[in-house]
Amino acid sequence: MDTPGENDDSFGVEVILPEADKKAPYCPHGPTLLFEKVCKGDEKGRRFYACSACRDRKDCNFFQWEDEKVSEARLLAREAENQSKRPPFTQQEHCSRFIKFASLPADEKTFCQDCQILLLPGERDAHASHQSAAITVAQMRRPSVLLRPLENKKSNAQYLFTDRSAHFLLDTLAGQGYRKVLCVGTPRLQELIKLRNLEGKHQPMKSLLLDIDFRFAQFYGEDEFCHYNMFNHHFFGGEASSSVLRTFLREADGEKLVMVADPPFGGLVKPLANSFSLISHTWRELQSPGRSVDMPMIWVFPYFFEPRILECLPSFSMLDYQVDYDNHPLYKDRKLGKKQSPVRLFTNIPPRDVVLPKDEGYRLCSICERYVWSLNKHCAKCNSCPSKDGREWKHCSACEKCVKPSWKHCQSCGRCALPDHPCGRGQGKEGCFNCGSWKHKRKSCPVKDTHRINRCRSGAKGGGKNRPAFKPKSKRKSGAARRAKKMAAQSV
């Protein structure tokens with residue numbers, strides 16, 4: 001079976017958002033996403049289904065052409081594989097196990113570090129050869145510290161907020177009157193909310209964690225955790241889990257709700273934005289009639305994704321706050337001597353309402369009416385505080401905008417760029433893969449929808465190009481690897 005990258009001349013893939021009346025095939029991570037190969041000129045891209053959560057086929061090898069006829073035997077084998085990769089316990093079973101575990105004496109509370117599971121007395125013999133350790137009640141209240149983080153950047157990487165960043169987020173939300181927090185991929189924020197509730201020193205808050213890591217089900221009740229894939233808005237618990245979310249989204253007795261999401265950095269923006277919009281739509285349906293505002297949301301993501309996020313969610317804006325992570329090799333606390341984190345907060349909450357801490361280097365720009373990083377100086381010509389990466393940017397009169405301090409204006413290209421950039425191409429002149437024009441890109445091509453048919457085969461009837469019988473195939477980098485390389489270049 002052919003797959004993208006085998007004897008094709010495609011230039012990448014584009015995700016096609018799911019249609020309500022069209023069902024996608026399932027992989028172990030729920031409904032797959034539909035992708036389309038992007039070809040150049042009049043060539044037509046073929047569509048295929050692939051896993052929504054994993055960008056590397058080593059993690060999930062599901063692949064199916066959109067027009068492919070799948071045999072009954074293959075469907076049965078696929079269903080058997082999906083069943084085999086389901087968690088060993090349901091969430092209801094985990095809840096009953098946790099009640100039994102909590103009632104055990106302190107010296108009998110054991111955690112298997114190999115299987116990452118709480119052990120009941122009758123299960124210890126089966127794990128005798130495994131690495132296990134006694135755990136305390138305090139450790140059970142911090143599962144994100146107890147559990148081994150998942151670190152696959154192309155699927156479900158778990159980079160956990162530092163306590164400093166988590167406390168800032170929670171203090172900010174509490175100060176604005178939010179009493180319910182929907183935690184999408186933010187287990188550390190969920191823990192902090194529950195710890196504060198136990199202390200009794202702050203106004204009580206409610207929280208619900210949606211996460212693809214089912215290990216957290218061991219520590220939370222059915223109304224506190226849902227096994228969820230944010231890339232396809234799939235609840236693994238079915239309607240029962242979906243109803244838990246709907247119940248949580250109802251704002252009763254003036255309880256204001258906000259969503260905080262921290263997706264893997266290698267994830268696709270378009271399906272993430274679609275899932276968050278669906279949650280917002282559900283929230284809006286549950287509000288009183290006549291209320292047309294969007295659900296307050298905070299999306300934690302690197303600053304270089306700003307154009308893509310604003311394209312999908314125009315009501316969002318990026319804040320200057322730099323989010324740090326405990327277990328990320330680069331984006332740790334600045335006080336530890338690491339480089340500044342590129343991770344920012346994207347939100348539809350008015351920026352003037354989010355007060356950034358002055359003791360961490362932020363200041364209020366009275367002209368922009370928002371808090372910015374200390375080195376983000378206001379530019380009178382641009383009438384904004386333009387810096388995105390934490391450095392002080394400089395204004396280029398020729399480009400009529402502020403640029404990074406390491407960039408210089410190139411007369412040949414007519415734009416600012418790194419001194420060692422390849423000359424000859426103006427900014428935004430990569431061209432359109434669809435029609436070949438250098439005046440726009442494929443997304444804004446006026447004729448991009450006229451060529452969408454099943455497949456462009458080399459040597460097709462009616463004028464196919466003469467191609468060599470064999471074309472040496474070079475190893476193609478994954479989409480996540482190409483994006484990471486581009487991010488690194490942009491951050492210079």
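The crossing of helices α5 and α6 is right-handed. The contact draws on D163, A166, H167, L169, L170 and D171 from α5, and on R188, L189, L192, I193 and R196 from α6. Six of these contact residues are nonpolar, one is polar and four are charged. The model is a predicted one.

**Geometry of the α5 and α6 pair**

- The two helices, α5 and α6, pack at an angle of about 65°, and their axes lie 10 Å apart.
- That angle makes α5 roughly perpendicular to α6, because angles of 65 to 115 degrees count as roughly perpendicular.

**Helix α6**

- Helix α6 covers residues 187-199, which is 13 residues.
- From its first C-alpha to its last, α6 reaches 19 Å, close to the 18 Å expected at 1.5 Å a residue.
- An α-helix has 3.6 residues a turn, so residues three or four places apart point the same way.
- The buried residues of α6 are P187, R188, L189, Q190, E191, L192, I193 and R196.
- Just after α6 comes G200, which takes a positive phi of about 75°.

**Residue Q91**

- Q91 lies in helix α2, which runs over residues 91-102.
- Is Q91 buried or exposed? Q91 is buried because its relative accessible area is 11%, and buried means under 20%.
- Leaving out residues up to four places away in sequence, Q91 touches F214, A217, G221, E222, F225, C226 and H227.
- Q91 and G237 are 146 residues apart along the chain, yet their C-alpha atoms are separated by 8.1 Å.

**The chain as a whole**

- The chain has 492 residues, and buried residues make up 47% of them.
- Its secondary structure comes to 10 helices and 23 strands.
- Among contacts in the chain with a separation of 6 or more, 57% are between residues 24 or more positions apart.

Key. Residues numbered from 1 in each chain as written. Predicted model: local features only at pLDDT ≥ 70, side-chain atom pairs only at ≥ 80, totals over all residues. Heavy atoms only, no water. Helix = DSSP H or I, 4+ residues; strand = E, 2+ residues; numbered from the N terminus. Expected span 1.5 Å × (residues − 1). Buried < 20%, exposed > 50% of the residue type's maximum accessible area, 1.4 Å probe, protein only. Axes fitted to C-alpha atoms, helices over the stretch in contact; angles between N-to-C directions. Parallel < 35°, antiparallel > 145°, perpendicular 65-115°, else oblique. Left-handed = near helix turned anticlockwise from the far one by under 90°. Contact = heavy atoms within 4.5 Å. Nonpolar A, V, L, I, M, F, W, Y, C, P; charged D, E, K, R; others polar.
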